[in-house]
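Here is a short briefing for a reader who is new to this structure. Please look at the sequence and the model first, then read on.

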Amino acid sequence: MNPATAILACIAVPVVGALLVTLTGRWPNVRESVTLLSAATLFALVLFLFRGVAAGARPEALVAEMMPGLSIAFAVEPLGMLFALVASFLWIVTSIYSIGYMRGHHEINQTRFYACFALALGSTMGVAFAGNLLTLFVFYEALTLSTYPLVIHSGTDEARRAGRLYLGMLLGTSIAFQLVAIIWTGWLAGTLTFTPGGILSGKASGATVAILLVLYVFGIAKAAVMPFHRWLPAAMVAPTPVSALLHAVAVVKAGVFAVLKITVYVFGLDAVREAASSEWLQYAAAATIVIASLVALTKDNLKARLAYSTVSQLSYIVLGAMLATTWGVVGGAIHLAAHAFGKITLFYCAGAIAVASHKTEVSQLRGIGRVMPLTTFAFFVGSLSVIGLPPLGGLWGKWFLALGALEADQAIMVAVLMASSLLNVAYLMPIPIRGFFARADGSAEGDKDPDRPPIAEAPIPCLVAISVSTLGCVALFFYAGPMFDLLRGAVVP
Amino acid sequence: MIGGHLPVLLVVLPLMAAPVCVVVRRPAWAWTVAALASWGAFVAALGLLLQVLEGGPISYPIGGWAAPWGIEYRLDLVGAFVAVIVSAIGGIVVPYARSSIEREVAADRIYLFYCMYLLCLAGLLGIAATGDAFNLFVFLEISALSSYVMIALAQDRRALTVAYRYLIMGTIGATFYLIGVGLMYMMTGTLNMADLAARLPEVAETRTILAALAFLTVGICLKLALFPLHLWLPNAYTYAPSVVTAFLAATATKVAVYVLIRVYFTIFANVDVFEAMFLREVLMALAVVAMLSASAIAVFQTNIKRMLAYSSLAQIGYMVLGMSFATLTGLTGGIIHLFNHALMKGALFMAMGCVVFRLQVASLDTIEGLGRRMPATMAAFVVGGLSLIGVPLTVGFVSKWTLVLAAIEANMWPIVVAIVGSSLLAIAYVWRVVETGFFRPTPEGAPAVAEAPLSMLIPTWLLAGACVWFGIDARTTLSVARQSAAFLLGSGP
Amino acid sequence: MTFPGLFNYWVVIALMMVGFYVVIAQGNLIKKVVGLNIFQVSVFVFYISISKVKGGSAPILSEGIALYGNPLPHVLILTAIVVGVATMALALALVVRIQDAYGTVEEDEIREREEAS
């Protein structure tokens, strides 16, 4: 197959999938098969592209010219390749998980759920393969709009409020800051195409670059740098598969991915390093890392705690981009993949616990390890990966980021990373430890309800998904080499 | 040779068809006459646009009297473009009108609606075609008088007072225009626009011409409802029959903007009105206030037609803003928004017309959960709404892009902030409707309604589809707008 | 210019302001229409005034007269009068309908009845 066709197919497959899901909504089994089939097809296509990109190819595809000089075009490069691989692989896993979760939870509007999910994945692929800023922006917005129905899935007042915050903050910042920055960039540089080494070099003064950088970092609210992070905890009202894939992987990673990509291909690393604002942005990211971790400590709701953890971890990647060193960017990209596997495992577990035991608060989870040993163990492994301990993939991201900080003479950032790891331990480890070793509270009301069956392990599809993502965390530790080689191609031409 | 007579055919066709409607009386026949005439006018306008694109401006002396003495019809690119917009909207509105008018206008008055509609169309096309300042006044009044009647045709008695108030304001506006023309005639002795352009520079410094400019500006701004001369518009759009609102919102105010463009860039082409006479500051300030205040008011409306009317006021601000830059990009933005806004507001008002057709009132209370019962209608609303916000791949994005670019070029950052702020407010008011329509449960005891008839849905979707089509491929429209702007900013007609 | 030269324009301005004031200040819909009419007429007078050529006669061809007033504004004003008449007719028709619908032509009473219903 022609690589250009494959790129377009990567966008088209999820969209067609969404259409078929809508059409087959009446037969749940057919509908879920369609979802799985689209996910598998998409992953196959991405793998096909990966073979070429790993060998050094940079396939491109032009869709339409929108305005003179502005087009919807795709170009695959290593950063996007990695992001697409992670997202499309985890879509398969999450689809399996969703089947168990949605049926186990007797959710309403399942057809809309699966259709929007597929659309969101299509948009994610568009973000990953975007060949210029305009295309990136188009799919960035499409991702926001396609995930909105998922956020307010339950239709409660709380969900609608969360939806408003979600949409207002994501669309608002993207129009207020990002779009202005894009138009400004286009005017200065005369082009929006992502080019290795940047397109702004020599065309903008130092002050302009500094302002643009700020506009981009805060305009991409999906990266959740404080103070534009509130939407992410709010989005946790969505069903857990959404929180898992979209709000730990696709949507938030689209944000940090965009930051990375703009750093490398619009500004160029040298320009970012020299920009007056990049150091301030590093501090903003560092502050987000620490503050979000502290907030996570105070949250009793498991998903809220994980959400704040995500906010914190995303800023690692923003920090890596703002360090603008080779190690920083590579570390950021690897952290993007590693955190994806780690955090999705944690969310799967949170969802599995909610389905099996209807418990959502951390304080209710004492002794959960005795009735759901597999899930709790997976939670333990996922936590270790997020903390960054060997032999799990989470180690490498932090390792390289620390190297990047040293390379940029920012030893204080190394300290921030270390402090954050300690905080990770503090807010994640108690959960599996208490789950295994503490005695369950007999006073939990749910247990006394005679009508309710005793708590058992989660549905089989959920367990399958949990196992796969847990194994992924381990695998990333051992296969960091190929990933590293791929990414170096992006930063060092 | 019919091609040579197209300029006059454009106007005469609907003008002659209007009395035929009165003669035939039967609604079905009147409809047929109206449809044929408006499609004919559309073909003529399209033919003219092609001729102009090929061979430059067309001059047509009425009755064979040569230009400075006789009335000249003069179609340049802007005029032809506006004629195409108006007649295209007309051609789309007529099929829609058939069912909608039966529901909203008393049966024995339906033929009057078609008669008035044709007169209004003739007036609007005449404004686009004429090259004579006084003739323009006559057409302005033809279109205005017929639109007062169309508004008063609604069965709600409030429509009568609204039409009356509109008549008072409209007549004052037109009379102001007439005074302006008289003052110019006093100083130059000509009414032909090209002649005026040539002779005005000599007398530009006189107080008479200054007064003329002031009268013209105020008079036309009353017609196009620029803040603070907008008070007639919201109520007029709210209580008029839905078709009338859709037609007037998409054409009448646009044509008024066109008149303003004509005055500043054709009649006063050789006079530096923007710099020397503070017009830029005045217009820009008013436009910005309109954009922000009208959008803010729209957020608090519960009647959706009224909400859209306030949104129109804000969008008129965009057009005036684009014009007031008096730069190539700015004027291009103003002209392209003329076209784009006609598409989106037409689609939005027509979608609401479908709701009124089924539910009598389009307000936030009646549309709760309507997305399930009238999915096609509400989906069209979403497309139009996204366009209003300026989401990429819709026409609104193209407009916003061009306008922001113009502001950046002119180094006017407060204007960028204003455009962005108005877009953010647009998110708020559009999303209130979308959320209520799609994500609220259908209330108990809500009338079980079906989709609107196809004769209404197809035109609505034609416009909604055009919003997307010209949003993805804006090359044609943008190049026409840019050429028009270049022509207007050149050496005059 | 001497007094008679500007006299017409003073009249125009006076009429215009009177008309404008009536439109704004009167609550009675009929009186508003009257005001609007006065306002329009002032413009007609204005046009006719500018057509006057010093020493010129009315623009009707006859022997022995070489200097005529400018006929074009007269023609224009004929058109404008037609437009004005149409506007007036429509405005009055609307007032009749409003009287039928509300039982009054006073603005404040209409507002009261609207709020009451």
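What is the mean pLDDT of chain A, and what share of its residues reach 70 or more? The mean is 84, and 96% of the residues of chain A reach 70 or more. This is a predicted model, so every value below is computed from it.

**Confidence in chain A**

- Confidence in chain A is highest in helix H5(A), residues 133–151, with a mean of 89.
- It is lowest in helix H19(A), residues 445–448, where the mean is 47.
- The pLDDT is below 50 over residues 443–448 of chain A. Beyond near neighbours in sequence, that stretch has four contacts in the model.

**Chain A as a whole**

- Chain A holds 21 helices and two strands.
- A compact globule of 493 residues would have a radius of gyration near 23 Å. Chain A has 21 Å, which agrees.
- Along the principal axes, the C-alpha atoms of chain A fill a box of roughly 70 × 55 × 40 Å.
- Of the 493 residues in chain A, 62% are buried.
- Take the contacts in chain A with a separation of 6 or more: 81% of them come from residues 24 or more positions apart.

**The strand pair of chain A**

- Strand E1(A) covers residues 60–67. It pairs with E2(A) in the antiparallel sense, over six bridges.
- The two strands form a hairpin, with two residues between E1(A) and E2(A).
- A:Gly69 sits in the turn and has a positive phi of about 85°.
- A:Met67 stands opposite A:Leu70, a residue of E2(A).
- Why is E2(A) largely enclosed by the rest of the structure? Strand E2(A) spans residues 70–75, and five of its six residues are buried, so the rest of the structure largely encloses it.

**Helix H7 of chain A**

- H7(A) runs over residues 206–219 and has 14 residues.
- From its first C-alpha to its last, H7(A) reaches 20 Å. That is close to the 20 Å expected at 1.5 Å a residue.
- Buried residues of H7(A) include A:Val209, A:Ala210, A:Leu212, A:Leu213 and A:Leu215. A:Tyr216, A:Val217, A:Phe218 and A:Gly219 are buried too.
- Which helices of chain A do the buried residues of H7(A) pack against? They pack against H6 (157–189), H9 (240–267), H10 (269–274), H11 (278–298) and H12 (302–323) of chain A.

**Chain B as a whole**

- Chain B has 20 helices and two strands.
- For 493 residues, a compact globule would have a radius of gyration near 23 Å, and the 21 Å of chain B agrees.
- The C-alpha atoms of chain B fill a box of roughly 70 × 55 × 40 Å along the principal axes.
- In chain B, 67% of the 493 residues count as buried.
- Of the contacts in chain B between residues at least 6 apart in sequence, 80% join residues at least 24 apart.
- Helix H2(B), residues 27–55, has 29 residues. Its first and last C-alpha atoms span 41 Å, close to the 42 Å expected at 1.5 Å a residue.
- After H2(B) comes B:Gly56, with a positive phi near 85°.

**Chain C**

- Chain C has four helices and zero strands. Along the sequence its pattern is α-α-α-α.
- What radius of gyration does chain C have? Chain C has 20 Å, but a compact globule of 117 residues would have a value near 13 Å.
- The box filled by the C-alpha atoms of chain C is roughly 70 × 30 × 15 Å, taken along the principal axes.
- Buried residues are 26% of the 117 in chain C.
- Among contacts in chain C with a separation of 6 or more, 44% come from residues 24 or more positions apart.

**How the chains meet**

- Two pairs of chains are in contact, and chains B and C share the most contacts.
- Chain A and chain C do not touch. Their nearest C-alpha atoms are 33 Å apart.
- The contact between chains B and C takes 22 residues from chain B and 25 residues from chain C.
- On the chain B side, the elements that give two or more residues are helix H5(B), residues 133–152, and helix H6(B), residues 158–188.
- H6(B) gives the largest share of that side, 14 residues.
- By class, the side of chain B that touches chain C has 15 nonpolar, four polar and three charged residues.

Conventions: Residues numbered from 1 in each chain as written. Chains lettered and ligands numbered in written order. Predicted model: local features only at pLDDT ≥ 70, side-chain atom pairs only at ≥ 80, totals over all residues. Contact = placed C-beta atoms within 7 Å. Nonpolar A, V, L, I, M, F, W, Y, C, P; charged D, E, K, R; others polar. Expected span 1.5 Å × (residues − 1). Buried ≥ 20, exposed ≤ 12 C-beta atoms within 10 Å, placed from the backbone. Rg over C-alpha atoms; globule rule 2.2 N^0.38 Å. Pairing = 2+ DSSP bridges. pLDDT = per-residue confidence, 0-100.
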